[in-house]
Amino acid sequence: MKMSKILSLILAVVMIASTLMACTKPETPENPDAGTADLAGTYDITMWVSEMDGVAAQFQAQIDAFEAANPGIIINAQIEGVTEADAGSKVVADVATAPDIYCFAQDQLARLVQAAALAQPGQKATETIKANNDAGSVAAASVAGTLYAYPMTSDNGYYMYYDTSIITNPESLEDIIADCEANGVKFRYALENAWYTASFFFATGCHSNWTMNQDGEFIAIDDTFNSDEGLVSMKGMQKLAQSTCYDSNADIFTDAGVVITGIWNAGAAADHFGANLGATDLPSFTVDGKEYHLGSFTGNKLMGVKPQTDAKKAAVLSLLAQYLTGEECQNQRFASFEWGPSNLKAQASEAVQANISLAALALQNNYGQPQGQIHGSWWDIAKVLGADAKAAKSDADLKAALESYAATIDGLFQMTEEQKNAWGVIGGICGTSWDVDFAMTEVEPGVYVSDVLSLKAGEEFKVRQGASWEVNFGVEFNGANIVVEADGNYKVQLEWDGAQGGVVTLIPVE
């Protein structure tokens, strides 16, 4: 699912940061400028990197280059592709078997710190990282000012691609809508995806800040979506949602005049718009004579190092992580995959500066809010607001939608332990759209079965715990959706080991 001014990073983490610092700090030099003779040896390491084609091979080549730059250090690396969106959950589920180095999305940082799954870089490494990377990425890798990870990218956000031959004023939402309607093209914006829906609320100054306790449980929320400002946000969103040009699928460029998306769709945008390709920050909308610039979630990809009992290996891993997230390696990943660098020198390179997508992202980041820790159910709760704005016929309807949103969030803190532990089936099934959990019953220890569901070929689903995405199973733990192969009546069964081991089976019912 497939997949955050600043959302709070959790009071409890602040309280335990000093304790974790003492137990995770490497005891030997980790500065690349320091001598490495004492670190000579052969090290077997495991590593998770992006599952994208070619990424693992490039990381291996970069490890080879690290060895050449550090004679005497030999790295035997086992590299596996695991999406950064899932890596943190997999690590937290079983830190002991987690890889030595892993790449993850910034919103997973606090949970990883709480799980003692990150070795804090030493003092010299911290100074180097802070000096060489942009402030946003350093903040994303830190908790209460303490650095716990190595910034790797500054590119996980969205902005606007548009047809320059059609859009006359890309700074005005109303003008863009008018141009799209007049030319019979689509304005594609995933307003039924909370990651994008939030942009209208951030525009008016709304926020949704969550607090965890030391056990990783959400215990409080400061949310202002249900407010006068939130009503303005809904009115702005309604302008687009009720337009004939609106389309919520932002991964399809067919017949599009505008698409709100990110650098992962840079190739598709170039192919579709061709010589008329334009890219810039999101526009402003006007309500009651006042303009509001659309906000966005921003994010970074980070590299983490697992704490080690072997101090020499800990030092080598820190050296390696610094190298792999340094200027040269970031430049290589930009050249190969268009990953936006966090390294300041890499950002200043001519190639990066000339990249139209990263330039647009940099503009939008001026209005962005880093994605912090958010309750897994919020994504389902907030995404409904886009559909509510589209369906509303009055201000009263918009207010009712916001009140329902607030009540549903309040309900998260009133869930019983039984509800938090309950399993359900969710998907585009039985006439629903990933917004209903069909209950499952524990028929024997670790085995959960749903009622009979009428499913159709091609429909997709997952099973999840506590109506949240923190623990879910598709084809694997936090994995891809399960696709129904044939029409029929089925029971969905989960066999779960209590951690990240589980098998989902479709059982045909006559």
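Author: A disulfide is a pair of cysteine sulfur atoms within 2.5 Å. With that cut-off, the structure holds zero disulfides. Take Cys245: it is in no disulfide, and the nearest cysteine sulfur, belonging to Cys180, is 4.8 Å away. Cys245 counts as buried because its relative accessibility is 2%; buried means under 20% relative accessible area, exposed over 50%, and partly exposed in between, using a 1.4 Å probe and protein chains only. Cys206 is buried too, at 1% relative accessibility.

A quick word on the source: this is a predicted model, where local features need pLDDT of at least 70 and side-chain atom pairs count only at pLDDT 80 or more, while totals for chains, interfaces and linings use all residues. Residues are numbered from 1 along each chain as its sequence is written, and side-chain values use heavy atoms, with hydrogens and water left out.

Now for a buried residue of another kind. Lys313 is part of helix 11, residues 311–324 (helices are DSSP runs of H or I, at least four residues, numbered from the N terminus). Lys313 counts as buried because its relative accessibility is 15%. Its side chain reaches the backbone oxygen of Asp44 at 2.9 Å. Leaving out residues up to four places away in sequence, Lys313 touches Tyr43, Asp44, Ile45, Asp100 and Gln308, where contact means heavy atoms within 4.5 Å.

How values were computed. Helix = DSSP H or I, 4+ residues; strand = E, 2+ residues; numbered from the N terminus. Polar contact = N/O pair within 3.5 Å; in protein donor to acceptor, adjacent residues only side chain to side chain.
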